[in-house]
Amino acid sequence: MIERCLNCKFFESNPAYIEAAFPGLNSLSSAYSSVRAGAGICVRRGIFLSPSERCKDFLRRD
Amino acid sequence: MAGEKKKSSTDYCETKECADEAPSKPQAMGWKEFYLKEDWWAIYLGIGIVLVSLIAFLNGSTIIKSLAINPGGLKWSSLDQLLGHFSQNAHLYALQLFSWLVIFGVSTRIMGIKTSQFIPSFIILYLLSIIMFSIGGWVDAAKYNLEPPLVALLIGLVIANVVPLPRWMDSGFRVEYFIKTGIVLLGATFPITLVVSAGPVALFQATVISLITCLTIYFIATRVFGLDKRLASVIGVGGAVCGVSASMAIASSVKAKKEYLYTSVTLVVVWALVMIFFIPFVSRSLNLNAGVAGAWVGTSEFADAAGFAAATAYGRMAGNENAAIQGFTLMKVIGRDMWIGIWSFIFALISCLKWEKEECGVKPSAMEIWWRFPKFVIGFFIASFFMTAITAGYATPDFNKLVKPGLLLPIVSLRSWAFIFCFLSIGLTTRFRELKAAGWKPFGAFTIGVLINVSLGFFLSAFVFGSYWMNLGK
């Protein structure tokens with residue numbers, strides 16, 4: 001069974017991490033806003049995606 | 001390896017088989033959203049302040065009126081006069097700072113921001129805000145175009161780009177949190193009848209501008225410059241709807257490379273800063289009606305925070321701040337912001353059904369529209385409806401003599417504080433050296449979209465719907 005990115009060790013959605021990853025993002029927006037809806041960065045693939053996505057490289061977060 | 005299925009070209013496993021195997025979990029954060037997202041906290045704080053103000057007003061207490069003190073309306077002409085005001089009211093300013101620290105400090109702590117970082121940076125922000133209000137309260141401020149929103153932004157930019165402020169100080173410079181709280185407070189002085197009467201016009205104008213700007217940027221980026229369609233969609237919606245916030249929403253809907261989102265952040269920040277100064281000064285040179293200029297800002301500025309800075313600045317220049325803010329709010333907050341979720345859903349569908357085809361295993365849900373909805377707008381509507389209902393029972397003389405000075409003006413003052421915190425924070429968090437180089441092609445596509453947006457926004461605001469916007473603020 002393949003789980004969602006939400007629980008994957010490669011998925012980073014901490015707001016402080018997101019704001020540090022995109023300098024300038026907090027100048028006119030915020031990683032703490034509703035519109036982000038939990039989206040984060042897959043550090044393995046370098047993409048920004050929803051926590052409900054999934055892929056075969058899933059590794060459960062420790 | 002023998003027996004192993006070949007992976008897709010994107011290395012995703014989103015085949016139909018995967019989709020069938022995957023557990024169905026909702027994407028939304030569930031109850032956590034109510035205490036981890038600043039949109040909800042902006043509602044709690046804004047509505048809370050309105051309720052406390054109302055209770056104090058009904059009981060004849062002046063505590064909120066005292067706490068809402070600011071030096072912006074002093075019209076001081078000598079430093080002695082200004083210093084005299086502060087020495088006489090030092091206890092009120094101390095109490096006010098303490099109150100802001102408690103409500104913002106506790107709420108940001110719950111959201112996960114370190115209090116040890118928030119407190120010192122917010123104290124600096126508060127002291128700078130007092131200076132901004134004081135500049136605005138100078139008797140000759142208007143003569144020299146010293147509008148507090150623009151001055152706050154400029155001083156913030158200078159400090160952030162000259163003084164090496166440590167990055168942890170951003171913990172106290174919460175641009176979006178402050179503007180959202182201010183918008184909910186704005187709802188308390190915004191008649192719901194105005195939303196009902198002018199809302200449909202705003203929604204129609206927003207629909208026209210959103211569609212044309214997004215499609216222009218998208219097609220120029222893909223057809224003329226040959227850019228990746230995911231990058232085109234991220235910058236297209238960023239330019240058409242709500243800047244960085246919309247870019248974030250679309251980037252996650254289409255699973256964009258993180259560089260694409262970073263590119264969009266740079267483009268939006270740079271053009272939003274340009275528009276904060278461009279639209280007010282062009283409006284002034286054309287002697288535009290404040291409501292019309294507010295609607296233009298709402299149509300063509302990229303972010304709520306930047307737009308409020310521009311609209312407030314021009315409203316003060318034109319002598320009708322209320323009209324400019326009303327025009328902006330109707331167009332941007334009620335009109336364009338609604339499109340974030342809709343575009344997210346549309347692009348998620350396109351991405352899934354057209355770009356990925358067989359690889360798409362996570363079927364987009366129409367609930368995306370709600371998940372991406374900027375929830376603080378709900379607080380604006382609640383405050384507007386509630387206060388309109390409360391104040392409707394007062395006859396005009398009583399309203400002007402009692403309700404306005406005792407209830408509404410203190411709320412307006414607290415809103416001004418939230419806005420000035422925001423305008424300063426925009427400058428203080430914008431470090432040009434940290435912005436990513438966007439590349440000429442994305443810059444070109446976005447800039448063409450900006451030019452069309454600004455021109456069309458002016459045409460719609462001044463000519464097509466000008467008669468509606470001119471009636472604001474009366």
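Predicted model: local features only at pLDDT ≥ 70, side-chain atom pairs only at ≥ 80, totals over all residues.
Me: Let's start with a helix pair: are α14(B) and α15(B) roughly parallel or roughly antiparallel to each other?

Reply: Residues are numbered from 1 along each chain as its sequence is written, while chains are lettered from A and ligands numbered from 1 in the order in which they are written. The axes of α14(B) and α15(B), residues 321–336, come within 7 Å and cross at roughly 155°, with axes being lines fitted to C-alpha atoms, for helices over the stretch in contact, and angles running from 0 to 180 degrees between N-to-C directions. Angles under 35 degrees count as roughly parallel, over 145 as roughly antiparallel, 65 to 115 as roughly perpendicular and the rest as oblique, so α14(B) and α15(B) are roughly antiparallel.

Me: And how many nonpolar residues does the contact of α14(B) with α15(B) have?

Reply: Residues of α14(B), including B:G307, B:F308 and B:A311, meet residues of α15(B), among them B:A324, B:I325 and B:F328; two residues are in contact if their C-beta atoms, placed from the backbone, lie within 7 Å. Ala, Val, Leu, Ile, Met, Phe, Trp, Tyr, Cys and Pro count as nonpolar, Asp, Glu, Lys and Arg as charged, and the others, Gly among them, as polar. Alongside four polar and four charged residues, the contact of α14(B) with α15(B) has a nonpolar count of nine.

Me: Which hand does the crossing of α10(B) and α11(B) have, left or right?

Reply: Helix α10(B), residues 192–224, packs against α11(B) at an angle of about 150°, with axes 8 Å apart, and the two are therefore roughly antiparallel. A crossing is left-handed if the near helix is turned anticlockwise from the far one by less than a right angle, and right-handed if clockwise. For α10(B) and α11(B), the crossing is right-handed.

Me: How many charged residues are in the contact of α10(B) with α11(B)?

Reply: From α10(B) come residues such as B:C214, B:I217 and B:Y218, and from α11(B) residues including B:I235, B:G236 and B:V237. This contact holds 10 nonpolar residues and six polar ones, while the charged count is one.

Me: Is B:G238 buried or exposed?

Reply: B:G238 is placed in helix α11 of chain B, and leaving aside neighbours within four places in sequence, B:G238 is in contact with residues including B:S264, B:L267 and B:V268. A residue is buried if 20 or more other C-beta atoms lie within 10 Å of its own, exposed if 12 or fewer, and partly exposed in between, with C-beta atoms placed from the backbone. B:G238 has 33 C-beta neighbours inside 10 Å and so counts as buried.

Me: Where in chain B is B:N287, with its positive phi?

Reply: Most residues other than glycine have a negative phi. Yet phi of B:N287 is near 55°, and B:K255, in the loop between α11 and α12 of chain B, has a positive phi of about 55°. B:K255 is buried, with 24 other C-beta atoms within 10 Å, whereas B:N287, with 8 such neighbours, counts as exposed. B:N287 is found in the loop between α12 and α13 of chain B.

Me: Which element gives the most to the side of chain B that touches chain A?

Reply: The contact takes 56 residues from chain B and 37 residues from chain A. Elements are DSSP runs numbered from the N terminus, helices being H or I of at least four residues and strands E of at least two. With eight residues, the one that gives the most to the side of chain B is α12(B).

Me: In what order do the elements of chain A run?

Reply: Chain A has two helices and three strands, and buried residues make up 61% of its 62 residues. From the N terminus on, the order is β-α-α-β-β.
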